[in-house]
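Hi,

Here is the structure I promised to pass on.

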Amino acid sequence: MDRYKKNPLCLGALDIGGTKISIGIADERGRIIASEKIKTEKDPEAAMKTAAEYLKNMSELRSCKLEAVGVSCAGPVDTVTGKVNNPYTLPGWEEYPLTERLSELSGVAVKLENDANCALLGEVQLSGLRKNRVLMISIGTGIGCAFWDGRSFYRTGKKYHPELGHVLIGTNRTPSEKCYCGHYNCVENLLSGTALHKRAQDAGFRDFGDLTEAYFSAFHRQKPAAELFIRDIKAEFHSALWNYSLVFHPDNIVLGGGMAFAYYSFFEDICRDFLESVADREDFIPPFKLSCAGDGEATALAGAAMLWRI
Ligand SMILES: [Zn+2]
């Protein structure tokens, strides 16, 4: 017991993105007790050597024994082979045996998971939602979704998370360019941050923020144009929520990503409207609670660490 007190266990966590890697250690509950950031190297071996050094130093400094490491990474990742397959933001990392090498370098077991699932697990853990069915919709450059069924992640097959951002939705508009998934009217091509800003600019606004300002102001000269535009966005978002809710029956929907942080009240309004519109259809869509995701970095690291507690 004394020994345990002197040397409690801690879990290592990495969050690998295209430009930076966050490295941290967490306690048993997923609370991050130390963290650092490094630049993402083109050479994954060099990056993992640095990360293993940091984990060793952090755990020594905090007098805790590193038990295992969880890694969150911009997907797609193969959770079975422990390799990253993301030539878009991590070129040169394909085929690198990430979990195998980091395990050799750090001396402990390593698990790999995509960043959408880790963000969700971190949120579920830190918000006390482990037993709930939780859908996370991250609205940023793209649209990333992940689902927790109260015990584990929903996966397509054993390895991958569902690409819910590419579900097709009904719309009055056809964007000028196709999504990389090959379609015009997928959720990401219509409602991602990139798409919303571009659509707002095409409609004569500076960006999406400018458009929402016009929409909410009483006497803006572009208000009618903004209203027309927002009506379409709402209808499209409702389509997405209808489809997701039908399939998953979530108890909670958590909105994350840069757009959700910047315009949370706007998206909250849309979700509230949606819930009102389906209030008499509880057989189809049970009501869900809506919330905004917490701090991105701490949540992602907590989720990575908690891969060892599911
Ligand atoms: Zn798509």
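**Where α2 meets α3**

In this predicted model, Glu45, Met48, Lys49 and Ala52 of α2 are in contact with Leu98, Arg101, Leu102, Leu105 and Ser106 of α3. (Contact means heavy atoms within 4.5 Å; helices are DSSP runs of H or I with at least four residues, strands are E runs of at least two, and both are numbered from the N terminus.) Sorted by class, the residues in this contact are five nonpolar, one polar and three charged. Here Ala, Val, Leu, Ile, Met, Phe, Trp, Tyr, Cys and Pro count as nonpolar, Asp, Glu, Lys and Arg as charged, and the others, Gly among them, as polar.

Helix α2 covers residues 44–61 and helix α3 residues 98–106; their axes come within 9 Å and cross at roughly 40°. An axis is a line fitted to C-alpha atoms, for helices over the stretch in contact, and angles run from 0 to 180 degrees between N-to-C directions. The two helices, α2 and α3, are therefore oblique to each other: under 35 degrees counts as roughly parallel, over 145 as roughly antiparallel, 65 to 115 as roughly perpendicular, and the rest as oblique.

**Where α8 meets α10**

Next come α8 (residues 223–248) and α10 (residues 264–277), with axes that come within 10 Å and cross at roughly 60°. That makes α8 oblique to α10, and the crossing of α8 and α10 is right-handed. Residues of α8 in this contact include Phe237 and Trp242, and those of α10 include Phe266 and Phe274. By class, there are ten nonpolar, three polar and two charged residues.

**The two domains**

The chain is assigned a domain 1 (2–121 + 297–309) and a domain 2 (133–250 + 258–292); such bounds come from an automatic or database domain assignment. Their C-alpha centres lie 30 Å apart. Across the boundary, 13 residues of domain 1 touch twelve of domain 2. Together they bury about 1100 Å², with carbon and sulfur atoms giving 67% of that. (Buried area is the accessible area, with a 1.4 Å probe, that two parts lose on being put together, summed over both.) Which three residues supply 42% of the area that domain 1 buries against domain 2? They are Asp78, Asn117 and Leu120.

Residues are numbered from 1 along each chain as its sequence is written, and side-chain values use heavy atoms, with hydrogens and water left out. Local features need pLDDT of at least 70 and side-chain atom pairs 80 or more, while totals for chains, interfaces and linings use all residues.

Cheers

Methods:
Left-handed = near helix turned anticlockwise from the far one by under 90°.
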